[in-house]
Each structure stands twice: as C-alpha cells, then as structure tokens.
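Dear colleague,

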Amino acid sequence: MAEPPQVIEFLSAVGGGISGLHVHTAVSHLASLGRGGAAQMIDLPSAFFPALDSSIIRSWGEFLLVNVNIHPKSRENKAQGQEPEPSVKWECRTMPSKEEKRQRAVPKFGSFQPKPTPEPEAGPASGEARKPVQDRHGDPGGEFKRRHDDCERDRGRREKHRDSGRERERHGAFLDRDDERRRRRHEKDGERRRSRSRDRNRERERDRQRDRGRDWGREKRRDGERHDNSREDSAQPRSSVKPAPAALTINDNFFIDKKGDPLLFRYGGNDRSKIPAYYRSGNGKILGSRGHLILHRDGPRDLFSLSFSREGLGSAFRDKVLLSRIQRTKSRRIRASTKPPPPPTEEFIPLAPSKKRKRGQDSPGPDSGEDQQPDYRSIYGKAKPPASDSESDGSENDGEGSAEGTKELSSAKTESIRLTRHLRSSPADVSAWLELMSLQESLFAEDIGHPRPRTDNETKALAELKLSLYQEALGHLPSSSLSAQRDTLILGMMTTGLKIWDDKTAAKKWESLPQKYDATPDSSFELWRARLNWEMSRVGSCTVEKIRDMLTAKLKALSKELSGPEEGSSMETCRQIVYVFVRLTRLLQDAGYVERAVASWQVLLEMTFSRPSTASSPGSFEEFWESEVARFGEAGAKGWADFEAGGGDDMPPDPKFDPGDTLDRQHCKDPYQLWVATERKRAEKSRMPARTLDEGIDEDPFRVVMWGDIKDFVVWFPAELLDVAKQLVLGGFAVFVGVPSTCGEEVAKKRRHDPFLAATGQAFRPWEINKREEMESVDVDLSKPPPEFGQQGGDMAVSPELLFTKEGWFKCLDSWDKTHLPGGPLDLQWVLGTLKRLVMDYQREELAEVYLAMEWLNGDPKSTKKVAKGLLKQYSTSMGLYNAYALIEWANNNPGLAFKVLDSATNLPGSQLLWNTRVWLHLQSSQNDLALTALCRSVDPDANPSLPPSPALLLKAKSHFSTVRDFSLSSGQLETVISHAESLLLLEYLSSTSPNPEPTSPNQGNITAALSTIPSLTSEFQSRSLQHSHHLARLLQTASRLLYFHATAGPHRPTFLLTHLTTYLKLFPSNTIFLSLLAWAQPPLLINDPVRSFLQDVALPPKHDCLSTRRWAIMYEVNNGTAHSTKAAFETALTESEDVCKGSAELWRGYVKFCAAVANKEVRRGGKGVFYRGIANCSWDKELYLTAFDEGVMGMNSGEELRAVVGTLVGKGVRVGVDLEEFLIKLRDGG
C-alpha cells in the first residue's frame, strides 16, 4: 500500500474575513509542498463554500485534483439525522506532468497485496521508541524516506537501461572501440555529476526538513480520527497500515480566526503586515464573467468594489459567458398558489410554506396540508428534530448568521415598512415620501454595519436610490396638487441628481423642468437658489458677470412681488430680497469689487433708515449720490433725509490723495511675489468708494462708483413693510461684515451655515501646524493646555460672556486683525461708523452690545469707556449694557469699578442677569462664600452680607428661583427663564448638602446637584417644541461653563464631563463650545477616540452637517492627528458634504495653504491638484487665485503656470488692479 498522504490541519474562522484569496493561498502553499503527486489534506470549515465559486474551482482544476471527504463523525451524525459538523476535508493532489505519466510503470496485481508486518526492532538504549533516522532528525511524516526511495528506484531503472545498452553495444560489430570507450567515460562522468547533485539536494532537503520540524509542533488530534498515529510507544508492534503523519502546527501562513476581522470595513483594507504579498491577475476581471464585472481601487485606501458604471466595458449582452449560461438555464413553471393572500397586518409575504405547528396539535393530521412534517418515505428524508431553547440561543462560535435571522427589525426598517404600505394606498402623500427618503441614510448605514466613511460608489448608489424615489413620487403626484409640494419634490430630485449627473446631463435636466414638470427655477426660491449654486460651481461657464446678472434679475423679480395681497407672503419676499442682496454684495467683495459692494450697502441703508418722509420712489436718490456728500458710515454723514431737508446744499468731504504703489524689492526679489504684494496693497486702498476729485485714481476706473454702476442693485421697500425690512437688513449687514447678530437668531443661524455667506473662522488656521509641534517639545509645560477659545464663525448661542471676554472662556468675537485676512476686505472705521449710526441715530438697541464689543476689542480703554457711558446715557434701562460695561472693566483689571457698575443697576427690574454676573466674578476670584451671599441677596436685599446665609434663606432663594422660572416658561418669557435657571444652577452648586459622588476640594461645589436641575427644564423645553431654541443652548452653555470651572478648580473625573457634554451635544450637535470641551475633557492615550466617534455618528451625518462643524473637525485633526488624517478631514468635507462645504472659498484656501505648510512630501505634492479643484468650485474668489503666488505653495515656480493662473483670473471677470505683463516689463526696465 502506498504511503499515506501528509495531513495539514488548516483551521480558519467562520466570519466575514474569509474569501477565495485565503483558500487560494492555502492551496498554493500545499501544492508547493506536495510536488510529485503527494496528496495534501486540508480541514476547512464549511463557511469556505460561499467563498469557493465554480470559477475558482475551475481555475484550481488546471493544476490540482480536488476531492471532498466528510469526516467519519460527520457521516455518523448525518446517519442519525443530525446536522454534520461544519468541517470537511479537502484532498488536493497536484496533477503529474506528461513526463511523469510516461515514466510511471503499470502496477501488477501483486502490488495491491498488503505487505507483511515487519518484526518490531529493539529500541535505543535510552528507552525511547525506535524511530527512523529521518524522523529522529526532524523529518515529520517520513517525507525524506519517501523521496529517498523514489531516488533509489530511479537509479535502478537507469542502471538497468544502461546495462542493456552495453550488451547491445558488445554484440554490435559496427561500433568502434574508441567510440565505446569515450561513451563509457562520458557516462561515468555524467553519473558522477548526477550523484554529487543528488547528494547536495539530499543534504539541502534534510536541512530544510530539520528546520521545519523544529518550528512545527505536535497538535492535538481532531475528534473522529480513525487511527492513533503516535510513534512514541515502542512496545506496540507496527501495523500493516502506517499511521497518519502528525498534523502541522499553525504557522505564519495560516492562523485561527473564528470571527473575522471587524476592522476591515472601518479601515478599508487588510493589515499588510499580516497578509502575504499577492497580486490580482487579469487586470481586475472577475473569473466567470469576462469583461462584464471588474474590480478597481477606490481612492487611497485598498478597497475593492464592483465597478459602478460600465464605462468602456460595452454592453452586458456582448458577454458571451453570461449569455451562454442564460441559454443553458432551464425554465421552470411556477404554479399559482390556491391559498388566500396574507393579511395586510403581516410584515412580509413568506416565500416558503410555514413549518410551524398550530397550538393544540399533537401530531399532523391528514388534512394539515403544508404544516405536515415530511414522511419517512419522502424524498426530503427524515424530519429533523426541533431545536431546543438551549440550541437556539447559540454560542459565540456559531457565527452571526443565526443571530441575524432572529434579530428584530430596527426602528428605521420598521418605519420604512410602515411608510411603504402607506404609500401603496396613498401614493400622493408628499410628507410620507419625504419621510421615507430621509430614512434611506439610516437604512444605508445599517446595511454597511460599520461606522466608516462611505466610498464614492456607495455615495452614488445612495443618491441613485433617492433619485428613483423622488421620480416615483413625482409620477404619483396628481396634477391638481399644490405647487409647493411639487416644488419640494423637484428640489430634492435636482439636488440629489446633481451628485450623479455630469455637467451636460444636469444642464439638460434644468432645461427640461418646464416641459416635464411644469416648473421653472423662478417659480420656487429654493429651486432658484439650487440652480444658482450649481451655476457657480461650473468652472467652464461661470463668470462673475453671469452670476451678477442672475442675482440682479432675481432682485428685480422679487421687488415686483412686494405688492402682494398677503402680509405673510410679503414678509417672506422681504427675507428673500435681503438674502439675494447679501449674496450679490458678497460676490462683488470676493471678486475684488469691494467699492461697489460697500456702495450698495450704503444705498440700501440710506433708503431704509434715512428715507425722507416725502420720498415715494428711489428716483430722487440719484441726486444725493451724485453730490458725493458723506454717505452712510462715513465721518460727518447726515443722511439722505437731512440732505433733502437742507435743499441739497451740503458739501462733499475734502479730496484724498493716493501716493501710488511703492515696490519693496529688498524683501521680495521674486517678480511674481512682488506683483502679488503690489496687488494686495492696491486692494487695501480700494476698500471704500472714491470721489471724482480724489487724486491718484485715474489708473483704476473701478475706484469711483457712479450711480449707473449700482442702480440695478437698488432695493426699495414699501412704507408699510419698512419696519419688517429694517430688522432683516440689520441681520444681513451683520452677516456681510462678519459680526454676530442678536436679531433674528434662526435666520442668522441659517446664513452662518451657508458656505457662500459664512463668516471667516477666527480659529481656522490649518496652515499653522508649528503650534502643535512646539507644544510637543520637551521644554513645554506638561500640564493640560486649555481648549481653543477662539470660535469666531462657530455655531453657538450669542451671550454676554462670549462677547466680553479675553481669556478663560470662549469668545464669538475678536479683534479685526485676527478675524480677517491681512489688509482685510472691509474698512474697520466704516464698519464701526455704520454700527454707531445705527445704534445712536436710529435707536437700534439690539446692536448696542455688538457695537460696544467692537469698540472695546479694536480701540483703547479710554475710548471704550466713553462709548459705554454714551450708550448707558441713551439706554438707561438696558440691563445688557450695564452687564457688558461691568464685564469690560473686569477684563481691563478694574474689579472695583466692575462691581460698582453692577451695584448701580441691581435695583432696576430684570436685574437677575447682573446678580448672576456678580456670582461668576466671585467664583473666578475663588470667593465662593461671597458668591453664595450675592445669590441670596438677589432674593432678600436686606440680608446681612457679612454673615453666611441661613438655611431658611437658602430654601427661600431656591423656591423663588424655581417658581419664577416655571411661571416665566408658562408665559413664554424665555429670557427670564434662562436667568433664573442659571441662578438655581449656581445656588445648588454652592449650597447643596446632598451626597456628591464626585471628588471635591474646598474651592469646588456640588456639581452633581447643580447639573441635576438641567434635565427637568430641558424636558419642559422639549414638550413645548423649543428643544432647538437658542435660549436652551445658552442655558446648556452656562452649564458647560460651570463644568469647566469645576474641572479647573480641583479634582474631577473626565468620564463625568464626557457624559454631560455628550448629552448636550445630542441636542446641539454643531455647537463648537461643546465640541471643544469634549475634546479637552477626554483622557489621553485612548484607543478609541470619543471625539472622532461622536463626529462620525452624530455631528457629521447629513442631518446635522454644517460648515462650522467641518471647520472644527479639520482643526481637531490639525492639533491631534497627522498630516494624512487632516487631509482626509478636508477631503471628506469637500466631497461628502458638497452642499455644505463645496462652495466655501475659505475652506479651499485653507486646504491649499495646509498642503504648502505641511512637511509630508506626499501631501505637499497634492497641493497643485487641490488648488485647481478649488478654482473649479470657487472661480470667483480672488484671494484663492493669489495663493498660487505665495512662497512654497505647490511648487508653481514656472512663469507659464503663473501667467495661466492670472489669465484664468481675468477670464472669469475677477478684478485685477495691476496688469501682470505691464508690471513685469516695468520691473525689467528698472521702473
């Protein structure tokens, strides 16, 4: 009998990590070990069957013989009617070559007789079992002995052939003796060389087997082995059947994995350090489908997915393999069921008959039909016993398949099923369609199963799914439906389709809207806005003039609608007009036409706030503008009304002189960088419109703004809508100049999230990466650094502590030079002058605190004090101004004056805000006893401040704060609610004696009791649908401020902070204050970053995604991640969040500057591509073009490339103050 084959135990997991690649690697390894026909046995789990399709087996069949054998125990289980064990044996024997087939001799019948049992030999003197020499030297399984026997047989065969040849030569007289002697000598030399070669091969094989035997171990035999192969027992005689060789241990090529790798989908690929090197043959083609399906690399990650489109692959009907399979497939008849249809209450329609018995039936009757179990004579075999409860529970090793079958449907899937059934009966329900489309994000995330960013193909697949739903909804919508419902569906269809369609297809879709859906972009404002955003992202056809004409035409169309019969529609029209006007002026500002943008706002402010009572149209305003008197925001301006009242005799301001441009050649020798410096200096002089009498402005025709240049931008509000328009214009002006607005919080929030209008982020400096490197140096203090307090442009509720603080807490406003680019697009004095005139001359008290904060941050303390006293004189009952003045004096290190200001207004009504400020000032000075006394004095002014409050007074204060808070909430006075809720929060922190599980020092209070007052009030806000109001956000910001104070004043548990901050973030996911504190509070050296997890799961999904959160996420990676993680954050923001970030020129500029500043060469090389992508999406932004000329950016040093950039800038209609070619000629000539 032949030697038994070598057995290799290969155990692998039943999980998601198994694929045909693992099996192919294993079999290839076995084939390399089993050359010469030696069979190899592999124990594989049954989960390999899904990975082994017919195409892979056919490819193996070219060089392997594959047999499947079930273990004996599996056959026994199957015979007993049980499920066989999930393990099978695969026997793989390499096919012999043609030469080996010719050399094999036909065995005789006697060779099949069993060999006699050899006599047992005496063991060694040491008493161990006698083993072959090769086994003792590390030859497992007798591999060396078999090879040695094969070599001996081959040698005998060759010697026999040589002897027969010699005999023939002796009897052949025709051979010459000399030839015979030479032939013999040649044969001897050849035999000697072959012998030496065999000896060398034998020694190398022995060394290889010895090394392999040392690494391999003896593994425990599987249950069900038929023979015990132990060779250790010397007393047992040898059997006629040789024992099976010992199993190999797990080595580097094979490993046990019972669950699969859960990180494959998260990180997008295998761990290269643990996967053998391999390559995919066929250029990505799939076996079994020639040219129909391909595999391709998706981005920088090693992800492989099926090709989304069939570009370049031809039609699927040309795939001969697929068509041949279709022709071979036999058709089957499906007989209609006689059973009644299932009731509509069931969640699904079963495709197979139910096998469950009804209650009360001990055995199936003759009429049980499909509920009857198979008979023993049935072709389906014996009936399987029902699984017990213990078996149905399963174990961890049973895989996830059984768990998925019994898992309940998620809430998203349940809701999707309900909406689908509802739409079958009511297909015209637009709200149900929209709700179903909003569920697709959650359903898609559940199908992925792992929290990871979606690939491009997955994003397109989701967009296609939504697009089909929108088209289906529009098809079911009757012609008599409301136009608003139809416009909503069309808007969703177009915004979703723009993610899939190319430029030509999208243009055709926009043009076909009137014919197909009887709708035009002008019929819906949101649809028009989507069309405008799309036009601005088309690099081929977008120009500043074209976009300006679109905005101007929309302004004229909306102005005609102001005379509508309904008040609500007119108010909405005013809001739309202000939005379009802000978009128009921001476009002019970004394109370099700052004078026209400022002039347009001067005209709008004059017509809205300084309109003469006799003016009924803007016709007479031309005379005021052409007179060139001081205009709105300029020094000495009196206004249009005063000009009309005085008969137009006012004189214009004195002319100004422009000295021209001076070239600083010492600091900048590069001519292109010198041109950029000159261009920026010219733009700095062009912040305000010039007069015709000014000198030095002849070279630039855009410096003087005539009435004909801006008359198309004029907006005239009717007198009956003037009060509403004033409030909207103030909010629009705050967005334009980039200051926080306290008027129209909801409208201002939407404009902050608009990428075309968002203010510049104060803390958004991704190119300042040296800051983190300095903090990581050995000389820096190892104490925990504070969070990033600069949050200009962030998403937060504006409050006094955010406006008037310099250090120790967040701020939503900072000095002008920190929040704007060097030189700035707007003139600071004009902004301050405009705010002053609005507050002082036109009594706009809602802007008083913002104006005072701007004066304080950009002026000196003396001038600020003068401005504050002037405001308090005009608004003597404003608690906000008293509070702001006190905070300013505290920040200027004047605590005595700060408390004096607070004491002067505590007797006025509504002064609880001032008491709360006093408490915070005492807390910052570590005077907790004085803080508690101040709270009690707000309830009882007669309390003795030198004595600690009595328990009765504390109980009275607590009852007062709770009562006023609840009553104000019922009456809708939300400002009073927030102030008294803050007082109750501070009182519990300073006076509560309830058990506190948190660590506490003498400088800290009871943080647990304090924060316990927040959930009840939050529930009250939610019950009144106010859970997203800025008042609740202010209260939660106050609670987070107390959390931060408690953590910095003494010991604390980071988990406690993380728990409460996560709760607040679930209500306001885009609040950058909560995000910054969450990043600050997390413990260091965590494996799973809770900040990244929260961003991925809560803050960055499409429902809550916004520009401020994306900017914060990028800066988090700059400070805590690597260059690659920061680049990934940029890419995710600009690709996945197209509607949110793609039109943000600030984000593209930051990306380009980051690529230029980072030390990673791979990221730096991609800077040029990032620049051109930014130009394609923001072709109107002048500053983005100029970043190409900065030193070190993208390596664009050639003059041709830089000239091409300037040519594109001019071709798009962006303003250029200094002609590049003329400048270079003048510089070359020494001018």
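The notes below cover salt bridges, a surface patch and cysteines.

This is a predicted model, in which local features need pLDDT of at least 70 and side-chain atom pairs count only at pLDDT 80 or more, while totals for chains, interfaces and linings use all residues. Residues are numbered from 1 along each chain as its sequence is written, and side-chain values use heavy atoms, with hydrogens and water left out.

The whole structure holds 38 salt bridges (a side-chain nitrogen of Lys or Arg within 4 Å of a carboxyl oxygen of Asp or Glu). One of them pairs E1131 with R1173 at 2.9 Å, N to O. This pair links distant parts of the chain, 42 residues apart: E1131 lies in helix α49 (residues 1123-1135) and R1173 in helix α53 (residues 1167-1177) (helices are DSSP runs of H or I, at least four residues, numbered from the N terminus). Salt bridges with shared partners also join D503, E511, R531, E535, R538 and K546 into one network.

In the salt bridge between R837 and D841, the closest N and O atoms are 3.6 Å apart. R837 is buried at 6% relative accessibility, whereas D841 is partly exposed at 45% (buried means under 20% relative accessible area, exposed over 50%, partly exposed in between, with a 1.4 Å probe and protein chains only).

C542 is buried at 2% relative accessibility, and C1178 is buried at 0%.

With kind regards

Definitions and conventions:
Helices (H or I, at least four residues) and strands (E, at least two) are DSSP runs, numbered from the N terminus.
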